[in-house]
Amino acid sequence: MSKRKTTAGKTAVSDLTPDKLRQICHPETFTFKSTAELQAETQIIGQPRGTRSIAFGIGITSHGYNIYALGANGTGRATAIEHFLYEQTRSLPVPSDWIYVHNFAIPHQPRAIELPAGQGVQFKTRMSRLIADLRQDLPQAFDTDSYRETITAVQSEFEQARSTLLQALQQEAAAANFGLVQTASGFAIVPIQNGQQMSPEQVQQLPLEARQEMEQQAQKLTAELEEVAYRIHELELKARQTMKQVDRDVAQTAVQHHFDDLKTAYANDEEMCVYLTEVHADVLNQIDDFTSPVDMDSPEEIDLSRYEVNVLVNNAETKGAPVIVEANPTYTNLFGRLEYEMRDGLLTTHFTNIKWGSLHRANGGYLILNAHDLLKHGDAWEALKRAIKAEKILMQPTGMMSNGQVLAKTLDPEPIPLRVKIIMTGSVGLYYGLFEQDEDFQMLFKVRADFDSVMPRDGDAELAYANFIASRCHQEGLRHFDATAVAKVVEFGSRLAEDKRKLSTLFGMIADLVRESSYWAGVNGRNDVTADDVQQALTERTERANQLEEHIFEQFLDETIFIATDGSVVGQVNGLSVIDTGDYSFGQPGRITARTFMGDDGVIHIERETEMAGPIHEKGVLTLNGYLGGTYAQHQPLSLTASLTFEQNYGGIDGDSASSTELYALLSSLSEIPIKQSLAVTGSVNQRGEIQPIGGVNEKIEGFFRLCEARGLTGNQGVLIPASNIDNLMLHERVVTAVADGKFHIWPVKTLNEGIELLMGLPAGERQKDGSYPEGTVHQAVQARLLQLAEDLNKFGEDDEEDDD
């Protein structure tokens, strides 16, 4: 490190050497020439804590041990967990198939039946073949001479018995001059004379005694007729029952072997045996559905859909336990849906219209959800909690309502037992919010898996980056990276992590850089990606997003925005800030000025007074008062009025990273010692004058460097940063080169005193036992000025009192 002397002869803080500004990844440390030599890997990278938690969560089978994986977006948690689970669950047993079938006892409640993996489709095929065979075999069974002869015999026996009863009654009626005639409503007893039915008029002409005798005889015969009719009805019922039993016996003979085969195949499955028995009975009870000829005037086929099988979950092709990622966790996507269809102008549905949800597919395995997406659908979240607690998937079809009227009948499918492990990914804030506000959450998601956004940078981590790049290239068909390109991506990982000792685990952003670098390698006509292609991808990415930065930079160059990069000015210092535009952030310098004068209002910050400052910035300003009082007001009053502001700032500001900068400006104004405008400053300060770390240090340095470079590097320009931010430095190569050439400097400061000496070129001064500071020091000048302001204010007050007298 180079040394710089103060005017008092003391050694000031040393500026940083180039090796401290960027952690270079040397390509020669890799044993491969191209990532084509590496195998695609799917393990979770750089997350030992999260990996152990996931392994614990999938290993423990007790109720409620579902997993919440928390961390920053872009760490690739969902994808990494999915691949990890695939590897861990490949050897686990494949879960069962689930089918829905008709419930013959309660038709609106379809029955759910569990079958071994792959047998759902087999059973559906067997049932389809069964119905097809029955539709062929049953009509043939009834189209035989023996069947027709049997039915004819039964019918003939009935007709003969019927005829015998009617003939006997007819003879009895004839003997009494009555006859038995057929009417529209059945048989009737009528009087006969000379072989002809008597008319009412003829009956009335008979003598009274004859009519009375006739009526008595008619009543007797009518009673006998009713008895005969009853006996005929019983004979008809018996004949029908006989024919029905014949039909059932014929059908039973025709179908028995089909059902015997099916029942034998599922003899060990009680639920299936019950269902097949019900199907068997229904077929025998509904023989006409299979034997009735098709009416050519109305050729609509008889509905046999009650015998269909709805294979809801088919695990025939599943290897191990299923791992399902649900990207859109709505209620229907999780729990399935019941579809409706229009028939004859009416909405209707059927158990074959029951469709699976992600819970059905993941049953017996793992379901990965994004907590933020899930909580957008409150009904889905509440239903999921109920399902986990009840350990069953209950489908609740959406009510088909219009103006209070039901438009369609619905179904109430039998719930399916739920045996699934839920893995939710989400932010840290959401985790704590759910833990505190949702009493069910902590009981149902007992495993916390922390995913960090960074990991330690060492040889293994750099090789893990290379393996990740290789995986992306293999899986997406990208151009492979040579060792120099991998090294460049590793350096980008440290820049993204804002720490040269670490690498970022935001692999979504790393993957994007890999894709873009592959593209530019193709544009440049290269088969493999090189470091130049990676650098071009980064440069092109910046140019796509930095339009605002360019507009502001033009205003610096044409001096629309005032920033000095040489000379010295009292009460004026170059501060540094970061502007974030979403997908791009950049640093820019800003002028901070201070004016001090007599009064007792303390430090007035213009941004604070105009409500342009955030709470953290206000805290930083209040800290200045603590420093001033502790440093200068132990033996004298602190009486002053000071005005601080960010010049030409017309937007809001927040953060305390400029608090040290503001204090330097304030001390310069009080001491009337000028500050070098060739330097810029960033850093938070506490009440004891210690410089604290800040964020965005790389962007801030590069923002000021770019302006100095555009105006011409003099060798005197540089930036003061907190010493605790050294490890956060991953600066652009242009900055590193300028520092190596002695054209730009970066000083790490630990205390305000170190910064004072660099900025003002004078010793800061150490407090002596009597509370004073040595002559010729900055603190002595400030203390003297404060004392003068206090005395002047007091004298001014006394003069005012004398004038009043």
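Predicted model: local features only at pLDDT ≥ 70, side-chain atom pairs only at ≥ 80, totals over all residues.
**View 1. Pairing of β13 with β18.** Strand β13 covers residues 366-370 and strand β18 covers residues 421-426. The two run parallel and are joined by 5 bridges. Ile368 stands opposite Ile423, which belongs to β18. Strands of a sheet pair through backbone hydrogen bonds, in either a parallel or an antiparallel manner.

**View 2. Strand β3 and its pairing with β2.** Strand β2 (residues 97-101) runs antiparallel to β3, and 5 bridges join the two. Val101 has Arg111 of β3 as its bridge partner. Strand β3 spans residues 111-115 and is mostly covered, with 4 of its 5 residues buried. In a regular strand, side chains alternate between the two faces of the sheet.

**View 3. The second largest pocket and its lining.** The second largest pocket holds about 500 Å³ of space. Its lining consists of 22 residues, and those nearest the pocket centre are Thr61, Gly365, Arg419, Val420 and Lys421. By residue class, the lining of this pocket divides into 12 nonpolar, 7 polar and 3 charged residues. Lys421 also falls within strand β18 (residues 421-426). Empty space of this kind is shown by rolling a probe the size of a water molecule over the atoms.

View 4. A disulfide is a covalent bond between the sulfur atoms of two cysteines. Under the cut-off of 2.5 Å between cysteine sulfur atoms, the count comes to 0 disulfides. The closest cysteine sulfur to that of Cys25 lies in Cys473, at 16 Å, which is too far for a bond. Cys473 is likewise in no disulfide, and its nearest cysteine sulfur is that of Cys25. Cys25 counts as buried because its relative accessibility is 3%, under the limit of 20%. Cys473 has a relative accessible area of 2% and is buried.

**View 5. Glu224 in helix α6.** Glu224 is located in helix α6, which comprises residues 208-265. With a relative accessible area of 22%, Glu224 is partly exposed, since buried residues have under 20% and exposed residues over 50%. The C-alpha atom of Glu224 is separated by 9.9 Å from that of Ile189, and the two residues are 35 residues apart along the chain.

Methods
Residues numbered from 1 in each chain as written. Heavy atoms only, no water. Buried < 20%, exposed > 50% of the residue type's maximum accessible area, 1.4 Å probe, protein only. 1 Å grid on protein atoms, 1.4 Å probe; cavity = no way out; pocket = protein on both sides within 12 Å on 5 of 7 lines; lining within 4 Å. Points joined across faces, edges and corners; volume = space filled by probe spheres on them. Nonpolar A, V, L, I, M, F, W, Y, C, P; charged D, E, K, R; others polar. Pairing = 2+ DSSP bridges.
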